[in-house]
Amino acid sequence: MNFKKSFATIAAATALAGGLSIGGATSASAASYGCGSAGHNNSDGVHRVVVGHLRNGPSESCAQTLSVKPGVTFYAWCGVYNKYGNFWVYGRLAGGQTKGWIYSQNLTLDSGSVNIC
């Protein structure tokens, strides 16, 4: 098996294991989502927050809007890779209408998947 095919297979398996859809991830999609931006609902991912902060954009440099307690359910609406290559998920916390961005490494997948915004 050649290197390109091996890499594509590993990348696809990694994305599936993590519940993330990597199709369509481009720098253009990341560029359109900065601080103060909102994603749109095109996913069915249900996650639990491990630890983290809800932010108003897909970057640690964006304003923190809420500190989220571990175990809270987070309904993923969509996600983007920021300019640093980190995957951030936009969605809503269970029990209300509080929405924002959270770094994907601070979530564990319960069900579904996350599509690119």
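At 17% relative accessibility, Cys117 counts as buried, where buried means under 20% relative accessible area, exposed means over 50%, and partly exposed lies in between (1.4 Å probe, protein chains only). This is a predicted model, in which local features need pLDDT of at least 70, side-chain atom pairs count only at pLDDT 80 or more, and totals for chains, interfaces and linings use all residues. Residues are numbered from 1 along each chain as its sequence is written, and side-chain values use heavy atoms, with hydrogens and water left out.

**Exercise 1. Determine which stretch has a pLDDT below 50.**

Solution. 
- Step 1: The pLDDT is the predictor's confidence in each residue, from 0 to 100.
- Step 2: The chain average is 80, and 74% of the residues score at least 70.
- Step 3: The pLDDT is below 50 over residues 1–28. Beyond near neighbours in sequence, this stretch has 21 contacts in the model, a contact being heavy atoms within 4.5 Å.
- Step 4: Where pLDDT is low, the predicted coordinates should not be read in detail.

**Exercise 2. State how many helices and strands the chain has, and give their pattern along the sequence.**

Solution. 
- Step 1: Helices (H or I, at least four residues) and strands (E, at least two) are DSSP runs, numbered from the N terminus.
- Step 2: There are two helices and seven strands.
- Step 3: Along the sequence, the pattern reads α-α-β-β-β-β-β-β-β.

**Exercise 3. Find the disulfides of the structure and describe what each one joins.**

Solution. 
- Step 1: A disulfide is a covalent bond between the sulfur atoms of two cysteines; here, a pair of cysteine sulfur atoms within 2.5 Å is counted.
- Step 2: Cys35 is joined to Cys62, with an S to S distance of 2.0 Å. At -90° about the S-S bond, this link of Cys35 and Cys62 is left-handed. Cys35 lies in the loop between α2 and β1 and Cys62 in the loop between β2 (52–55) and β3 (64–68), so the pair ties together parts that are 27 residues apart in sequence. The C-alpha atoms of Cys35 and Cys62 are separated by 5.2 Å. Cys62 is buried, with a relative accessible area of 3%.
- Step 3: Cys78 is joined to Cys117, with an S to S distance of 1.9 Å. At 85° about the S-S bond, the link of Cys78 and Cys117 is right-handed. This pair links distant parts of the chain, with Cys78 in strand β4 and Cys117 in the segment after β7 (107–111), 39 residues apart. Cys78 is buried, with a relative accessible area of 0%.
- Step 4: With bonded cysteines counted along the chain, the disulfides follow the pattern 1-2, 3-4.
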